[in-house]
Amino acid sequence: MISEREAAKYPFLSEAARLVDMLDLTLDDLAEPVHAKVLDRAEGRVSEAILKGKASANLGDSLTELLSFPVANMFITALGERFLDRRYALSEAVRAYELLNDESEARVAKMARTEFQWDLRLVRELLDGRLYRFELHFNDFLGNAAAFREPKWKLVNRLMRDGYVLLTNPETTRLLQEEIRRRIGGLISKHRGLRLPEPLQARVDRLGRTFEENRSSITGGDLPTDVLVEGFPPCMRYAFEGLMAGRRAGHMERFALTSFLINAGMDIDEIVKLFVSVTDFDEQFTRYQIEHIAGLRGGRTRYTPPSCSTLRTHGVCHNPDSLCKRVKHPLSYYRIKIQDIRGKQEDKPAE
Ligand code: SF4
């Protein structure tokens, strides 16, 4: 059985969950003052996710650290914000990544194999000045690296041997971080609107206020005043909301949304912040791509989104409405809708 300290470090492991189950705590038990420390730490974890995007590791009191994890998951479920689900899972995964970087290669390999069934082998190869410590079957590599956009994560740019990708230690822990992020995302219950007993609910309400107070700075959700989300065509609204919810989009959808936001007048920094805050894309690479689409780099062509017919062909036309029948381009939809919204605002009697 895993030690309490080990479970506190990696509370998403199945053995850690078994340890928690054995304590057989109920929601009413947790509401007792004796468990206030656990609630404090759980609230702290969620608060760190909201404010910093990264949970710390407080390993001084292993049992509190361990128990606070499922309670924090419960708080996230009760908050019911899809954006926050993803931010929290990433925050906890980054915490695990930092701890894993201090572990031996054997420990990293054990977790990857036994917990996530990776086909991973330990090696020791110095090639081109890089020390490779693992080789991972390409299926497991692709299953996790697909989320990353940096060229070094493309299979064609990797050293491979008999179907195994050579990896350094930090690369392996980075891939594990992605696996852990998905695991934690899956632990957050989809049953929304969970009402908890006091004093747990009081903490959820407080976290909800913290999130609302910081929503615009962490989501980039406060668009500049001249970009009106309510004027977005259904396809762009779908893409925008999908991005905020952490849905992985194809190239065409990302390109269409980025070029749409640029042409709708959104600031480049805002778009970069939007993508980086809700994905784990590398900021420099994201900025480069966005500036390229905006015509600030490369051939200096400022791109516009594809036409409706192209978007339809690529499956990016979602939920077209009656106005869609009158337009051939998402920006035309936006212009008409904005005029409509502004006209209605001007028609309103002054207060
Ligand atoms: S018809 Fe055009 S504007 Fe409307 S949802 Fe489809 S792609 Fe978007």
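Let me start with a term: two strands pair if DSSP finds at least two bridges between them. Keep that in mind. The model is predicted.

First, the sheet. It is open and has four strands, in the order β1-β2-β4-β3. The pairing is antiparallel. And in general, strands of a sheet pair through backbone hydrogen bonds. Which strands sit at the edges? They are β1, residues 120-127, and β3, residues 160-161. Each of them pairs on one side only.

Now look at β1 and β2. Strand β2 covers residues 130-137. Six bridges join β1 to β2, and the two run antiparallel.

Last, a helix pair. Take α6, residues 82-100, and α9, residues 169-187. Their axes come within 8 Å. How do they cross? At roughly 140°. Angles over 145 would count as roughly antiparallel, and α6 and α9 are therefore oblique to each other. The crossing of α6 and α9 is right-handed.

Who meets whom? From α6, the residues include L90, V94, Y97 and L100. From α9, they include L176, I180 and I184. Charged residues are there too, among them D85, R86 and E92 in α6, with R174 and R181 in α9. By class, the α6 and α9 contact has 10 nonpolar, three polar and five charged residues.

Note on methods
Residues numbered from 1 in each chain as written. Predicted model: local features only at pLDDT ≥ 70, side-chain atom pairs only at ≥ 80, totals over all residues. Axes fitted to C-alpha atoms, helices over the stretch in contact; angles between N-to-C directions. Parallel < 35°, antiparallel > 145°, perpendicular 65-115°, else oblique. Left-handed = near helix turned anticlockwise from the far one by under 90°. Contact = placed C-beta atoms within 7 Å.
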